Amino acid sequence: MLKIATITSAVPSTGILPVSNRKTSRLFRASPDVFPQFLLKEMEKIEDPFARKLVSRIEMLPVELSVSKNRVMTSCVKPIVHDKGSPLVLLHGFDSSCLEWRYTLPLLEQAGFEAWAIDILGWGFSNLETLPLCNVESKRDHLYQFWKSYINRPMLLVGPSLGASAAVDFAINHPEAVDKLILINASVYAKGTGNLSTLPRSVAFAGVSLLKSLPLRFYATNMGFTNLPFATCLEWTCIARLHCLLPWWEEATVDFMRSGGYDVSSQIDQVLKKTLIIYGENDRIVDSKLAVRLHCELPNAIIRQIPNCGHVPHVENPDVVANLITDFVSHKIH
């Protein structure tokens, strides 16, 4: 019988707190060289000190794409710890940004990891004025060129939600760049974007415009977590949609949607890298049974469940996620 270990650590101090109970830092050093002025004004409204801190660390690094020959100024958070071992590279979920890692990244750095948080091409805060293609091939090429330019040694690749599909796709196509995989509430069984890929452009743009609306984003945020207080849900919604305000966001999202998206389900058994699967017990977005299925199909994987946790454990239970990653890398769990 399959046995799945569960993690029973207490809810972390950096976890779900009402916004009114958080002390807001007066310092906000987001660079006008990185963000346009209108976005800086929106960021100034954020009270969450962890989000404010991570925003102030976001930088732009140039990445030359081999697929389209575009040069993309790529938003990322560079490591403050440098180590000779395999660096952690933190991706994010569908239509999100590196701000997903605002709670867990500092804990990983405290644990001694060299950790990068990178925005996937087409999402996050990268400058896409040149409007590069944002299909799967371009996203893969962008990550590879970033890795080749700035990391260039096997990495511990972390993919939450749809970022798990990006991680699986990357590991299959560039195994030399990956040491191990860590997949969190992995969305790897969706058949791409399905019928959305056949929508006329005008209809697709109308749908994408709705996607960034505050009510829909609020609903999605609430679905992603367990028992989230209203004030916290509202602020986390605002943080999660900041990148949607950039002028190229709609074009990039429509391009990804109409390209067909990720479809890696038939390739999972080709992933030979050792993999840690983490999933929240109360995920209302990706059925927890799919985590068990993924564990069965991956040739070299272990699985850990986080009780009373939703779709985004690295936001909801950062202490637990950081400890699991640390133990996995140090071979304390196997």
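**Entry 1: aromatic pairs.** I began with the definition I needed: two rings of Phe, Tyr or Trp count as a pair if their centres lie within 6.5 Å, with the six-membered ring used for Trp. I note that the model is predicted. Searching the whole structure, I found 12 aromatic pairs.

I then looked up the pair of Phe94 and Trp123. Their ring centres are 5.3 Å apart and their planes stand at 75°. This pair is edge-to-face, because planes over 60 degrees apart are put in that class. Phe94 lies in the loop between strand 4 (88-90) and helix 3 (104-110), and Trp123 in the loop between strand 5 and helix 4, so the pair ties together parts that are 29 residues apart in sequence.

**Entry 2: another edge-to-face pair.** I looked next at Trp116 and Phe146. The distance is 5.6 Å centre to centre, with 90° between the planes, and the pair is edge-to-face. Trp116 belongs to strand 5 and Phe146 to helix 4, so I noted a link between distant parts of the chain, 30 residues apart. Both Trp116 and Phe146 are buried.

**Entry 3: a ring cluster and a charge.** Which residues do ring pairs link into a cluster? I listed Phe50, Tyr103, Phe225 and Trp236. I also returned to Trp123 and found Lys139 lying over the face of its ring, 3.7 Å from the ring centre.

Entry 4: Leu131 is in the loop between strand 5 (115-118) and helix 4 (136-150). With a relative accessible area of 48%, Leu131 is partly exposed.

Ser161 is found in the loop between strand 6 (155-160) and helix 5 (162-173).

**Entry 5: a nonpolar surface patch.** Which residues form a nonpolar patch on the surface? I noted Leu210, Leu216 and Tyr219, which together have about 310 Å² of accessible area. Tyr219 is placed in helix 7 (residues 214-224). I classed Tyr219 as exposed because its relative accessibility is 52%, and exposed means over 50%.

How values were computed. Residues numbered from 1 in each chain as written. Predicted model: local features only at pLDDT ≥ 70, side-chain atom pairs only at ≥ 80, totals over all residues. Heavy atoms only, no water. Patch = residues over 30% accessible without salt bridge, like charges linked within 9 Å, V, L, I, M, F, W, Y side chains within 5 Å. Areas by Shrake-Rupley, 256 points an atom, 1.4 Å probe, with all protein chains shown as cover. Salt bridge = Lys/Arg side-chain N within 4 Å of Asp/Glu carboxyl O. Helix = DSSP H or I, 4+ residues; strand = E, 2+ residues; numbered from the N terminus. Buried < 20%, exposed > 50% of the residue type's maximum accessible area, 1.4 Å probe, protein only. Phe/Tyr/Trp six-rings, centres within 6.5 Å; stacked < 30°, edge-to-face > 60°. Lys NZ or Arg CZ within 6 Å of the ring centre and 35° of its normal.
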